[in-house]
Amino acid sequence: MRSMAAMIGLLAALAAGGTLAADPAGRTPQPIVEKAAAGTQCVAPPEIMRRSHMDFLKHQRDDTVHGGIRGAKFSLKGCIECHASRQTGSVIGAETNFCVSCHSYAAVKIDCFGCHTGKSGAAVAQGAPK
């Protein structure tokens, strides 16, 4: 059953045009993701962020919208500042950009960027593409 889920994930990623890296151990290829900004530390360990980032972002969204609390630990802006590509200045501008790579692989639609920019503050100031 586990291999069936892996196969579905792989097919979805390929259908979405995702970029995958071969695994030398022969396991399911993983998405290629650009590294976060040098010298930064994530607000939580990677294994927790991979599994729960959407819950953190939803909770932060509610705190911001209903309580006016901005700039807290799990802010979308903070994520973008660390994870925006050095080439595109964005987390959604290309297939290897942070959000697009994993969400394509998992066949999950990203709906944050219908309202929010996927660009870092520096990229917005410079007018970087998407």
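## Overall layout

Along the sequence, the protein chain runs in the pattern α-β-β-α-α-α-α. That gives five helices and two strands. Helices (H or I, at least four residues) and strands (E, at least two) are DSSP runs, numbered from the N terminus.

This is a predicted model, in which local features need pLDDT of at least 70, side-chain atom pairs count only at pLDDT 80 or more, and totals for chains, interfaces and linings use all residues. Residues are numbered from 1 along each chain as its sequence is written, and side-chain values use heavy atoms, with hydrogens and water left out.

## Surface and contacts

The protein chain has 130 residues, and 27% of them count as buried. Buried means under 20% relative accessible area, exposed means over 50%, and partly exposed lies in between (1.4 Å probe, protein chains only). The accessible surface of the chain comes to about 8800 Å². Carbon and sulfur atoms hold 60% of that surface. Areas come from the Shrake-Rupley method with a 1.4 Å probe; for residues, only the protein chains shown count as cover.

A contact means heavy atoms within 4.5 Å. Take the contacts in the protein chain with a separation of 6 or more: residues 24 or more positions apart account for 52% of them.

## The nonpolar core

The largest nonpolar core has eight residues: Leu76, Ile80, Ala84, Val91, Ile92, Cys99, Val100 and Phe113. In soluble globular proteins, nonpolar side chains tend to be buried together.

Helix α4 covers residues 98–106. Its buried residues are Cys99, Val100, Ser101, His103, Ser104 and Tyr105. Cys102 also sits in α4. Cys102 is partly exposed, at 34% relative accessible area. Gln30 is 72 residues from Cys102 in sequence, yet their C-alpha atoms are 8.6 Å apart. Just after α4, Ala107 takes a positive phi of about 55°.

Thr88 lies in the loop between α3 and α4. Thr88 counts as buried, at 15% relative accessibility. Its side chain makes a polar contact with the side chain of Asn97, at 2.9 Å. A polar contact is a pair of N or O atoms within 3.5 Å; within protein, one must be able to donate a hydrogen and the other to accept it, and residues adjacent in sequence count only if both atoms are side-chain atoms.

## An aromatic pair

Rings of Phe, Tyr and Trp (its six-membered ring) pair if their centres lie within 6.5 Å; planes under 30 degrees apart count as stacked, over 60 as edge-to-face and the rest as tilted. The count by this rule is one aromatic pair. The rings of Phe56 and Phe74 have centres 4.1 Å apart and planes at 15°, so the pair is stacked. Phe56 belongs to helix α2 (residues 46–67), and Phe74 to the loop between α2 and α3, 18 residues apart. Phe56 is partly exposed at 22% relative accessibility, whereas Phe74 is buried at 17%.

## A salt bridge

The whole structure holds one salt bridge. This term means a side-chain nitrogen of Lys or Arg within 4 Å of a carboxyl oxygen of Asp or Glu. Arg61 and Asp62 form the bridge, their closest N and O atoms being 3.2 Å apart. Arg61 is partly exposed at 47% relative accessibility. Asp62 is partly exposed at 32%.

Technical notes. Core = buried A, V, L, I, M, F, W, Y, C linked by side-chain atoms within 4.5 Å.
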